[in-house]
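Subject: Structure for your records, with notes

Dear colleague,

I am handing over the structure below, together with an account of what was found in it. Please read the notes with the coordinates open beside them.

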Amino acid sequence: MKLIYLASPYSKYPYGREAAFKEACAEAARVMQSGYGVFCPIAHSHSIEVEGMDGNIMDGDWWLEQDFAVLSKCDELWVYQMPGWDQSYGVGKEIEFAKQRKIPIKWVKYYEKNTAGIDFTPA
């Protein structure tokens with residue numbers, strides 16, 4: 001099974017972090033259901049930070065170290081082009097990391113669809 005790293009914005013998503021988490025989870029589920037193994041750092045890390053770190057919010061560079069450990073093992077990087085992806089520090093670093101290691105990159109179009117029950121009013 002091909003392992004996909006699904007990158008998406010978090011703090012730069014205009015509808016807020018919780019909405020970014022829900023949207024990333026919905027897309028990760030769609031990709032999984034189409035037959036791929038998926039690691040989605042927002043889906044994986046948001047709940048760990050919120051539920052497991054006693055409110056100790058770690059910075060993006062700390063999370064990138066966690067993410068790069070997984071990305072280095074993935075077959076492809078898929079960039080989910082949610083609003084804010086092109087302004088996201090983390091997504092930019094993930095793209096740079098993949099290019100340096102010759103990990104193929106796929107661009108996944110975003111269509112505002114409200115599959116995750118998101119209120120599309122900017123936060």
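Ser 8 counts as buried because its relative accessibility is 6%, where buried means under 20% relative accessible area, exposed means over 50% and partly exposed lies in between, computed with a 1.4 Å probe on protein chains only. This serine is found in the loop between β1 (3-7) and α1, and, once its neighbours within four places in sequence are left aside, Ser 8 is in contact with Ala 24, Ile 42, Tyr 80, Met 82 and Val 91, a contact being heavy atoms within 4.5 Å.

Please keep in mind that this is a predicted model, in which local features need pLDDT of at least 70 and side-chain atom pairs count only at pLDDT 80 or more, while totals for chains, interfaces and linings use all residues. Residues are numbered from 1 along each chain as its sequence is written, and side-chain values use heavy atoms, with hydrogens and water left out.

As to the overall layout, the protein chain has four helices and four strands, which follow the pattern β-α-β-α-α-β-α-β when read along the sequence; helices (H or I, at least four residues) and strands (E, at least two) are DSSP runs, numbered from the N terminus. Of the 123 residues of the protein chain, 45% count as buried, and among its contacts with a separation of 6 or more, 74% come from residues 24 or more positions apart.

Helix α1 (residues 17-33) has 17 residues and should span 24 Å at 1.5 Å a residue, which agrees with the 24 Å between its end C-alpha atoms; the expected span is 1.5 Å times one less than the number of residues. After α1 comes Gly 35, with a positive phi near 105°.

Strand β3 (residues 76-80) pairs with strand β4 (residues 105-108) in the parallel sense over four bridges, where pairing requires that DSSP finds at least two bridges between the strands. Between β3 and β4 the chain passes through helix α4 (residues 89-100), and this β-α-β crossover is right-handed, meaning that, with the strands pointing away from the viewer, the path from the first strand over the helix to the second runs clockwise.

Salt bridges, defined by a side-chain nitrogen of Lys or Arg within 4 Å of a carboxyl oxygen of Asp or Glu, number two. One of them joins the side chains of Glu 76 and Lys 2 at 2.9 Å, N to O, and it links distant parts of the chain, since Glu 76 lies in strand β3 and Lys 2 in the segment before β1, 74 residues apart. Glu 76 is buried, at 15% relative accessible area, whereas Lys 2 is partly exposed, at 38%. Arg 30 forms a salt bridge with Glu 27, with the closest N and O atoms 2.6 Å apart; these two residues are three apart in helix α1, and are therefore separated by about one helical turn. Here Glu 27 is buried, at 3% relative accessibility, and Arg 30 is partly exposed, at 43%.

With kind regards
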